Every structure is written in C-alpha cells, then in structure tokens.
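Please examine the structure below with its sequence at hand. The paragraphs that follow lead from one part of it to the next.

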Amino acid sequence: MLQLHVLRQDTAGVKARLSKKHFADLDLVDAIIALDDERKKLQLSFDNNQSVVNSTSKEIGALMAKGQKEEAETKKGEVAALKATLQPITERLAIVEKQLHDELVKLPNLPAEGVPMGKTPEDNMVVREGGTKPALHEGALPHWDLIKKYDIIDFELGAKITGSGFPLYKGQGAKLQRALVQYFLDFNTAAGYTEFLPPFMVNEASAYGTGQLPDKEGQMYHMPADGFYMIPTSEVPVTNIFRDDIVKETSLPIKMTAYSPCFRREAGSFGKDVRGLNRVHQFEKVEIVQLTHPDKSYEAHTEMVLHIEKLLQSLELPYRVLALCGGDMSFTSALTYDFEVYSAAQERWLEVSSVSNFEAYQTNRMKIRFKDEKGKTQLVHSLNGSSLALPRIVASLLENNQTPEGINIPKVLQPYFGAAVIG
RNA sequence: GGUGAGGUGGAUGAGUGGCUGAAAUCAGUAGUUUGCUAAACUGCCGUACGGGUUAAACUGUACCGCGGGUUCGAAUCCCGCCCUCACCGCCA
C-alpha cells in the first residue's frame, strides 16, 4: 500500500498518477487524508487521557504502600471516571484506524515516470524485439496437436484426474519440464540469485503481503479448512521470507530465485486465448525476486530485464519486450516490462515473463525495512520477474522448432534434456 | 492424533501484580588506548503512532506469539487461538 506521507506531501501529483493508471475514485485520496486527520486527533486525546490514568495508577500504588487506603479509593474513583470518558474515544479510534487501512489498500501503486499512457494491452509499447521468427514447413501444427502427435502432454487425462486446465505431462514432455526448471534455476543462481524451494501454500498474512489479498481473492485456490491459499506464483512465499524484518543495509540487494508450481483459478477466462498451454490452472514457473535499496530499484529492474532477455536468447526464441501502459499494469506495480515469445504455428505472441518494480508498495504492507546510515528506518523496494513460466515457453519451443523429423531441443537444454530431438 | 514443556528486544536469557520498555551476556555501533592484528576500557544500541524542534534535545502512548478478560495497575493472573520443541502413535 501507499505511504500516507506521500499522499499528504503531493496530493495533486498522486491524483495525476492515479489517473494514469485509470483509477477513477480520486476523492478517495482526500477521504483517506481526512480519516488520518481524525485518527491523529483521537490518538492525541487518547494518549493524553491514558497518560493521566497511568500516572494516577502509580500514585494509587504508592498510597497503598503507605497504607493510605482512603486516598487511594478516591483516586480509584478518578481513574474510573477518566476511563469512562476514554471508552468512546478508544472505540472510535479503532473504527477510524480500520477504515483508514481499508481505504488505503484500495489505492493501487503509482506508475513510474516513464510508464506509457494508455488503457489496454494495445497501448503497451514495444521496447525491442529479438530473435528471428522461424519459417515453418508445410503442414506445421499448433502445439495442441504436436503434444498429441508426440504423446508428451495429455489434457484429457489431466481433466480426468482433476479438471480442465490441469495438464498431465508424459515421458519426454515431463522430462522437458524438469530440464527447463533445472536450466532456469542454474541460469539464475549463476547470476547471484540464491535458490529457495518454498511452501506451495501460504497463509492469509502472506497472501496479503504481496497484494493477492484482499482484491484478488478469486484468483487463488483456497483451502478453507486450514485457511491456506495455493500459491499463484512463488513470488508470494519468497517475498514474504522477509516480512516484518529490518535487514542490514549491507545485505542489499537480496536476490532470490525459486521454482514452484503455480495455481490459478483464472475465473472468467474463456475463448481462443486459453487453448492448449496458453492458459492453464497449474503450471511450472521459476521466479526471481529482489529486495533493494530504494535508490537502486530501477537499476535492479533494468538488470533483471537484461537477465531475462539473455535467458530467452539462450533458448533461441523470437521475443519482444513491452513496456506496459498505465492501464494494463497490475494493481501493485510501479513499472512492468513484459516478455512475449512468438509461437509460430498459432502466429501469436505469448507472455512468458513480467518484470515489475513494486517500489515500497509491497514492502509497506510487509514492513520489510532497513536502517540507513543515519539510523533511520526505511522501506526497501521489492521487484520480481518470471524466469520463466514454462507452458508458453514449451508451446513456443514445440511450434517454432518443429520439423517433419521431430522437435529440435535448443542447445543449452540438451545437457539437461539428454537428447537433441523429440521424435 | 495423544501427552508434556515453552513462546520476552538481532541472539542467548532473567523476570509470578506497581521500583520492568524490560536485568545480564553476546552480537552490532561510536570512541579511547595500542607498531599491525587481537585484546582492554567507555558511551550508544527495539518497533510503531503522536507532540515538539530549522534539525536535534526533549516528551506522550502502545507493543514481551495473537485476541479477549480480571484489576486503580498485567510480560507477570484467567480464557480462547496460533506456533515451536520433546516423547508416543501413524506415515512418505
């Protein structure tokens, strides 16, 4: 969530940036500031009253010790009267604090300087493209046919076992998953990211910390008996490692990577976009996360974008980098670059990575802080990016690398996969 | 799942109703001393929200797993929950 002092210091600027994100309820900003004013007033009057209660209680203790019962009883009466006046203040304060918080989390993160204007995916800006689109042979197939031809992924069986959107990987299909995960993790750890294998379910506090709750509740699978959520990305458990911590400034940046399956309900997604591997309920993903000094987060973002780009280049896939426009960025993000790979048979660009800088939006919720050289506590910045989401990489690999003889495996993957061709 | 023990500041750990926002030790940090390193000595050293100040100083309140309760007063007593550890049971 946004920091209150930002709203106070530059109310007009905040509103302008919220509009860039196509957030309509600008009056909410004023309402929040008004709530905070009330909160301060209540807090002050509570503190002053409580202060008297505390000191009087001490006097009572001293009187009792001296055996001056009568005087003590008089003081008790005073305290009781004070506490009676205190009660409505306390109650109101609790209401105002809750309200203030509930309203504050409704504000999305503010878009950064260079974020393009716009509302829909069409307004996203292509930053650059790389790789070359392949020329497919006569009779080339989309991946949903290729997986049947080579019997490597079975959607029907997955649906039988669980439901639609839960693919069953078989034989070389399963091994390809394992090879990709391992390759991605090795690529990330070689660049200084520490590997984690996190829990695949999280509690409410963690889901809240990264911003999945309260607004994206419907996107996650929920286990009501235990109050847990299946993770939609390992960003959630990994970023929460440092929840409520004050880290050493010298430990920044903290660079983490993790593999996990990801579970997404994708409620309300229908149509041609969802065919085959394009959109599924469970998929494999390797994620990178950084916690940085607030002055260094944009530098880190650039570094992460280049890192993902190198990874895609090593897979020899045609890709492009998009700067998301204000309206298409996620609620919590200040700057997002998406990576898309071209899937030649279906002639579509598929999103395989999203690299975002959340600035202090997530860390303000999670209270991840550091002490600067003046000893002042500050929030760190958090960033993350997929490196990478497997299904669409697989779709694109299958489609782009198909030949009449089989599917060619990129050189870098061959040691992991143990073969050069799926045939 | 059963039984028992326990959750206190970065760590260890004292503290069973007021003198405890919290001993002590370690770690950290600033300084003194010292050829260097090491050691010794001295000061500082939790978080949040306020008041106050140009900035400090100073100052109020809350917080000892979480939430309630008792009391003039709670880390300390009571209730509920969560978590950790040990043993037993079950099990990959």
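In this predicted model, a polar atom in the side chain of Asn54 lies 3.4 Å from a phosphate oxygen of RNA strand B. Lys83 also reaches a phosphate oxygen of RNA strand B, with an N or O atom of its side chain at 2.2 Å. Ser57 meets the RNA through its backbone: a polar backbone atom of Ser57 is 2.7 Å from a base nitrogen of RNA strand B. Two or more residues of the surface near RNA strand B come from each of helix 3, helix 4 (69-104) and strand 14 (369-371). The most are given by helix 3, which supplies eleven residues.

The surroundings of the RNA can now be described as a whole. There are 18 residues around RNA strand B, and those that come nearest are Arg39, Asp47, Ser57, Lys83 and Lys371. By class, the residues of this surface near RNA strand B are five nonpolar, six polar and seven charged. Which part of RNA strand B supplies the atoms within 4 Å of the protein, sugar and phosphate or bases? Sugar or phosphate accounts for 74% of these atoms, and the rest belong to bases.

The next topic is the packing of helices. Two packed helices are described by the angle between their axes and the distance between the axes. Helix 3 and helix 4 pack at about 160°, and their axes are 8 Å apart. Angles over 145 degrees count as roughly antiparallel, and helix 3 and helix 4 are therefore roughly antiparallel to each other. Their crossing is left-handed. The contact of helix 3 with helix 4 comprises 19 nonpolar, eight polar and twelve charged residues.

Helix 3 (residues 27-66) also packs against helix 2 (residues 11-20), at an angle of about 140° and with 9 Å between the axes. Helix 2 and helix 3 are therefore oblique to each other. The crossing of helix 2 and helix 3 is right-handed. On the side of helix 2, Thr11, Val14, Lys15 and Leu18 take part, and they meet Val29, Asp30 and Ile33 of helix 3. Of the residues in this contact, four are nonpolar, one is polar and two are charged.

A further pair consists of helix 7 (residues 171-190) and helix 10 (residues 297-314), whose axes come within 11 Å and cross at roughly 140°. That angle makes helix 7 oblique to helix 10. The contact joins Tyr183, Phe184, Phe187 and Asn188 of helix 7 to His307, Lys310, Leu311 and Ser314 of helix 10. These residues divide into four nonpolar, three polar and one charged. The crossing of helix 7 and helix 10 is right-handed.

The last topic is the geometry of the backbone. Most residues other than glycine have a negative phi, and most peptide bonds are trans. Where in the structure is a cis peptide bond found? One joins Leu252 and Pro253, with omega about -5°. Pro253 belongs to the loop between strand 8 (246-247) and strand 9 (254-263). The peptide bond from Ser387 to Leu388 is cis as well, with omega near 5°, and Leu388 is in strand 16 (residues 381-389).

Positive phi values occur in residues other than glycine too. Asp244 has a phi near 65° and lies in the loop between helix 9 (235-239) and strand 8. For Lys367, phi is about 55°; this residue is in the loop between helix 11 (361-366) and strand 14.

Key:
Residues are numbered from 1 along each chain as its sequence is written. Chains are lettered from A and ligands numbered from 1 in the order in which they are written. This is a predicted model: local features need pLDDT of at least 70, side-chain atom pairs count only at pLDDT 80 or more; totals for chains, interfaces and linings use all residues. Side-chain values use heavy atoms; hydrogens and water are left out. Axes are lines fitted to C-alpha atoms, for helices over the stretch in contact, and angles run from 0 to 180 degrees between N-to-C directions. Helices (H or I, at least four residues) and strands (E, at least two) are DSSP runs, numbered from the N terminus. Angles under 35 degrees count as roughly parallel, over 145 as roughly antiparallel, 65 to 115 as roughly perpendicular and the rest as oblique. A crossing is left-handed if the near helix is turned anticlockwise from the far one by less than a right angle, and right-handed if clockwise. Contact means heavy atoms within 4.5 Å. Ala, Val, Leu, Ile, Met, Phe, Trp, Tyr, Cys and Pro count as nonpolar, Asp, Glu, Lys and Arg as charged, and the others, Gly among them, as polar. A residue is near a molecule or strand if one of its heavy atoms lies within 4 Å of it. A polar contact is a pair of N or O atoms within 3.5 Å; within protein, one must be able to donate a hydrogen and the other to accept it, and residues adjacent in sequence count only if both atoms are side-chain atoms.
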